[in-house]
Amino acid sequence: SMNQNQYQVVVNSSACPGAVNSSAATLIVTDPTSILAQPGNLTVCAGSNGSFTVNATGSGNTYQWQVSTDGGTTWTNISGANTATLSLSAITGTSNNNQYRVVISTCDPNGLTSNAAILTDNSPASIGTQPISQSACTGSNISFNSSASGTGISYQWQVSTDGGNTWTDINGETNPSLNLTGVSTAMNQNQYHVIVTGSACPGSVTSSAATLTVSDAASI
């Protein structure tokens, strides 16, 4: 209630009549800072945007967001991050497990520091190695192999018997490799591909199709 009060002093002389007034000085009173809501952990998919927010009381608050890339051991000021919300754009995998906090300053010269919030950057499914076409003799065992990356990925192999027009899930084939035992001429020219789905980020990716060529062994 004393904020913006002004004060002056009147000086009187006992020897000489009259008084002089000093200039006025203004008292500025600010409320101490208190954090009502701490910034929360954030989980995003690579390439997307995200933000951390703090809710604090106090008048004349100033904000400085900081980041730690070593699990909270050292902290670095983020240039230009001086509001109650820290906005991050096009987040990349290099930001995964970074920690963020904000230092709020008003009355206390040391500032009030929020809790640290962790950024989890999930990766969408991506195929690294495509399956390749195989040739085999009847009765042989062959494998189609694929590799993929991403957070929480799963595999589902499919087969097409009509040149890739329609595809059917192969029951139980949910591993990076598809193993076929005792191939027959009925499987000749079948095509195989794998669908990789990420549990953390929406969407699936489909590998290229690999063709199985089955030949009869020579017999005299």
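Author: Start with Asn-61, which is buried, because its relative accessible area is 17% and the cut-off for buried is under 20%. Keep in mind that this is a predicted model.

Reader: Where is Asn-61 placed in the chain?

Author: Asn-61 sits in a loop, between strand S8 (55-57) and strand S9 (62-68).

Reader: Which polar partners does the side chain of Asn-61 have?

Author: One is a side chain: Thr-33 makes a polar contact with the side chain of Asn-61 at 3.1 Å. Another is backbone: the oxygen of Thr-57 lies 3.1 Å from a polar atom of the Asn-61 side chain.

Reader: Which residues is Asn-61 in contact with, leaving aside neighbours within four places in sequence?

Author: Thr-33 again, plus Ala-56, Ile-104, Ser-105 and Thr-106.

Reader: Now the cysteines. How many disulfides are there?

Author: A disulfide is a covalent bond between the sulfur atoms of two cysteines. Here the count is one disulfide. Cys-45 and Cys-201 form it, with sulfur atoms 2.1 Å apart.

Reader: Which parts does the pair tie together?

Author: Cys-45 belongs to strand S6 (residues 42-45), and Cys-201 to the loop between strand S22 (191-198) and strand S23 (204-206), so the bond ties together parts 156 residues apart in sequence.

Reader: Is the disulfide left-handed or right-handed?

Author: Left-handed, because the torsion about the S-S bond of Cys-45 and Cys-201 is about -120 degrees.

Reader: Are Cys-45 and Cys-201 buried or exposed?

Author: Cys-45 and Cys-201 are both buried. Cys-16, by contrast, is partly exposed, at 49% relative accessible area. Cys-137 is partly exposed too, at 38%.

Reader: What is Asn-122 in contact with, beyond its neighbours within four places in sequence?

Author: The list includes both Cys-45 and Cys-201. Thr-43, Val-44, Ala-46, Thr-151 and Ala-200 are also on it. Asn-122 lies in strand S14 (residues 117-122). Asn-122 counts as buried because its relative accessibility is 11%.

Reader: How far apart are Asn-122 and Thr-151?

Author: In sequence, 29 residues; in space, 5.7 Å from C-alpha to C-alpha.

Reader: Why does Val-29 count as partly exposed?

Author: Because its relative accessibility is 39%, and partly exposed lies between the cut-offs for buried, under 20%, and exposed, over 50%.

Methods. Residues numbered from 1 in each chain as written. Predicted model: local features only at pLDDT ≥ 70, side-chain atom pairs only at ≥ 80, totals over all residues. Heavy atoms only, no water. Buried < 20%, exposed > 50% of the residue type's maximum accessible area, 1.4 Å probe, protein only. Disulfide = S-S within 2.5 Å. Helix = DSSP H or I, 4+ residues; strand = E, 2+ residues; numbered from the N terminus. Contact = heavy atoms within 4.5 Å. Polar contact = N/O pair within 3.5 Å; in protein donor to acceptor, adjacent residues only side chain to side chain.
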